[in-house]
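Me: I have a model open and want to learn how to read it. Can we go through it feature by feature?

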Amino acid sequence: MKLIIDDAHIELIKKVYEFYPIDGVTTNPSILAKSGRKPYDVLKEIRQFIGDNAELHVQAVSRDAEGMVKEAHRIAAELGKNTFVKIPSIPEGFKAMKELHALGIPITATAVYTPMQAFLAAKCGASYTAPYINRIDNMGYNGIQVAKHIHDIFKNNDLKTEVLAASFKNSQQLLELCEYGIGASTVAPDVIDGLVKNQAITSAVDDFIKDFESLTGSGKNMSNC
Ligand code: G3P
């Protein structure tokens with residue numbers, strides 16, 4: 001499972017990249033709005049930091065297919081290879097996806113709440129489809145189950161599209177999808193941090209250092225004892 005950062009804050013992205021094995025960055029219009037900066041200024045800064053080989057996902061906001069395709073051309077031209085244009089999984093979006101796929105522009109089908117949206121997007125040529133785990137849970141359905149259904153539909157129909165799960169609130173949600181072998185998850189920096197931060201882990205590491213220093217002296221470690 002690829003692990004992607006769902007944020008546009010460059011300092012947070014740098015911090016997460018410093019410590020964790022990250023495969024790219026996803027953004028959406030709400031995330032870009034939080035930056036308060038010009039969209040392409042932020043996105044180019046992210047692209048420059050993550051490099052050409054990492055994935056960058058950027059959403060189109062037009063309501064009609066023609067506008068989405070026009071946006072996709074600019075997104076691809078400005079941000080280069082490995083940039084995936086996020087297209088909402090609505091009728092105009094499917095029309096745009098078919099056209100973009102024919103042009104060879106990589107697509108992430110977004111705003112996915114149902115397996116049928118994902119199936120249609122996959123048939124239109126999307127590389128990824130993004131079910132919103134937490135938002136589906138908040139509607140009274142099971143977001144994890146929806147993501148698993150989508151994964152199974154793709155495998156059972158020999159579709160190359162992968163699930164890019166989005167909208168996470170905790171590490172348990174991520175763990176379940178990781179166990180299931182879905183293609184990718186995009187997660188906010190605070191959730192990524194929460195994957196390995198707990199008192200038991202901190203205490204275990206502290207105890208090992210204390211025991212070693214009781215043997216060798218304060219500040220000593222395996223390089224200087
Ligand atoms: O792009 C979709 C995803 O980022 C939504 O996440 O946390 O706003 O539900 P969230």
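Me: What should I know before reading any values?
Reply: This is a predicted model: local features need pLDDT of at least 70, side-chain atom pairs count only at pLDDT 80 or more, and totals for chains, interfaces and linings use all residues. Residues are numbered from 1 along each chain as its sequence is written, and side-chain values use heavy atoms, with hydrogens and water left out.

Me: Which domains does the protein chain have?
Reply: Domain bounds come from an automatic or database domain assignment. Here that assignment gives domain 1 (2-193) and domain 2 (195-225). Their centres, taken over C-alpha atoms, lie 39 Å apart.

Me: Which residues of α3 are buried?
Reply: Buried means under 20% relative accessible area, exposed over 50%, partly exposed in between (1.4 Å probe, protein chains only). In α3 the buried ones are Tyr-40, Val-42, Leu-43, Ile-46, Arg-47 and Ile-50. Seen down the axis, they fall within an arc of 160 degrees, so they line one face of the helix. That arc is taken from the directions from the helix axis to the C-beta atoms.

Me: What does Ile-13 touch?
Reply: Contact means heavy atoms within 4.5 Å. Ile-13 lies in helix α1 and is buried, at a relative accessible area of 0%. Leaving aside neighbours within four places in sequence, Ile-13 contacts Ile-5, Asp-7, Ala-8, Val-25, Ile-46 and Phe-49.

Me: Where is Ser-89 found?
Reply: Ser-89 sits in the loop between β4 and α5 (91-103). Ser-89 is buried, with a relative accessible area of 4%. Not counting residues up to four places away in sequence, its contacts include Phe-94, Met-97 and Gln-117.

Me: Which residues lie nearest the centre of the largest pocket?
Reply: Rolling a probe the size of a water molecule over the atoms shows where empty space is left. A pocket is an open set of points on a 1 Å grid over the protein atoms alone, where a 1.4 Å probe fits, with protein on both sides within 12 Å along at least five of seven lines; lining residues have an atom within 4 Å of a point. The largest pocket is lined by 25 residues, and Asp-6, Asp-7, Asn-28, Ile-31 and Lys-34 lie nearest its centre. The largest share of the lining, four residues, comes from α2.

Key: Helices (H or I, at least four residues) and strands (E, at least two) are DSSP runs, numbered from the N terminus.
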